[in-house]
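Student: Please take a close look at one part of this model, the aromatic side chains and how their rings pair.

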Amino acid sequence: MLKEFIITIYLLCTRILFNLMKCFPKRQKYVFVSSFGDNVEYVAREVLQAELGDVVILRSKRSRYPYERLSRERVTFIQYDAMNPITYIKSMYHLATAKTVFVDNYFAFLSVMNFKKDVECIQLWHAAGAIKRFGFEDPSNIGRPLAAYQRFERVYARFHKIIVGSDEMADVFQKAFNCSADQFLTTGIPRTDFFHDEEALEKAAAKVTSTYPQIADKKVVMYAPTFRRNQLEQPSIALDVKRMCEELGDDYIIFVRLHPAVSSKQSSFTHARVIDVSNYPVINDLLVVTDVLISDYSSLPYEFALLEKPQLFFAYDVETYSRESGFWHAYESVVPGPIVRSTDEVIQHIKAEHYNLNGIRAFSAKWNMYSNGTASKNIIKYLTQKDEKN
């Protein structure tokens with residue numbers, strides 16, 4: 001109850017301030033609200049190159065994305081923080097006077113924002129695909145107060161358009177956000193443009209190798225587990241990466257990419273060939289040098305599939321995770337496998353090079369059907385055509 005009361009007061013203040021700021025005229029300005037950053041960066045860069053207008057990026061406090069591909073002289077960066085009166089007021093001003101607003105996550109403040117006429121709010125989201133349920137379909141919503149559910153409804157109703165990379169993901173969003181088919185822009189996912197850019201891939205590989213020179217001439221296996229609520233109390237990971245190194249030999253390096261909430265609690269890895277890359281800011285760069293990805297229920301496999309490289313799905317707790325988080329479809333029917341449940345199985349598959357590359361190609365074709373390297377430009381094309389009609 002206390003949490004809901006605090007949220008109510010915060011949103012009331014936000015509504016009042018936002019409506020006051022709407023007294024200022026609308027500007028030729030594109031405002032991005034970002035938790036993740038990569039999709040934002042790609043679209044913002046195209047907005048600048050097309051000279052459509054000014055770019056303002058409101059970064060959440062948790063955002064660690066470096067925006068290396070953006071010219072900082074041409075972008076206004078503001079850290080959105082409701083506890084900081086100055087940045088809070090600035091953020092409300094930019095949102096209230098924007099021509100177009102892009103978001104890449106759920107933001108509660110959208111629930112009290114009635115944008116000016118002809119202003120669009122476009123949801124970029126932060127995943128090309130989805131295994132676990134979210135939005136209205138999230139099992140954790142059960143038992144929440146009615147006020148919270150109504151807030152979700154108002155936030156999702158603010159998404160005038162939603163970017164998708166496939167018809168599969170459009171179906172997911174329709175259930176998660178209770179939206180209609182005419183809200184989707186089948187442009188492809190902006191950050192996947194990276195995987196179609198050979199020069200960018202080479203630069204990323206060189207940068208990661210410079211950061212971790214020990215991977216040169218080695219095979220890189222990256223373990224990137226999904227966040228689990230019980231890891232806050234027990235931060236250890238289930239995969240025995242030290243034994244993997246010992247069994248696989250000197251030809252292999254193990255990357256471990258943990259969720260920030262877990263990484264801060266996890267003890268450092270003691271093996272020389274196990275590298276904690278949790279704080280490396282750009283996950284796509286790491287994927288370029290990864291030879292085998294070990295994942296479970298995250299969205300990483302969808303982007304990694306574009307590289308057509310081996311994947312293993314370490315789903316040791318699939319029954320428990322399914323009950324707690326829920327899957328859109330039966331797990332084994334979605335992932336291209338192989339599905340493994342123990343460190344021994346992981347080692348055996350890597351040694352035998354037992355992968356499902358044909359399944360990965362089919363998986364990518366299904367979930368990345370519109371992500372062909374021109375997603376960012378397609379969004380700009382939509383924006384310019386919209387302007388011409390108006």
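Tutor: At 8% relative accessibility, Tyr156 counts as buried, where buried means under 20% relative accessible area, exposed over 50% and partly exposed in between, with a 1.4 Å probe and protein chains only. The model is predicted, so local features need pLDDT of at least 70 and side-chain atom pairs count only at pLDDT 80 or more, while totals for chains, interfaces and linings use all residues. Residues are numbered from 1 along each chain as its sequence is written, and side-chain values use heavy atoms, with hydrogens and water left out.

The rings of Tyr156 and Phe177 have centres 4.7 Å apart and planes at 40°, so this pair is tilted. Rings of Phe, Tyr and Trp (its six-membered ring) pair if their centres lie within 6.5 Å; planes under 30 degrees apart count as stacked, over 60 as edge-to-face and the rest as tilted. Tyr156 is in helix H4 and Phe177 in helix H5 (residues 167-177), 21 residues apart; helices are DSSP runs of H or I with at least four residues, strands are E runs of at least two, and both are numbered from the N terminus. Phe177 is buried, as is Tyr156.

By the pairing rule the count comes to 35 aromatic pairs. In one of them, Tyr106 and Tyr156 have ring centres 6.0 Å apart and planes at 70°, so the pair is edge-to-face. Tyr106 lies in the loop between strand S4 (100-103) and strand S5 (120-123), so its pairing with Tyr156 ties together parts 50 residues apart in sequence. Tyr106 is partly exposed, at 25% relative accessible area. One aromatic cluster includes Tyr106, Tyr156, Phe177, Phe134 and Trp328.
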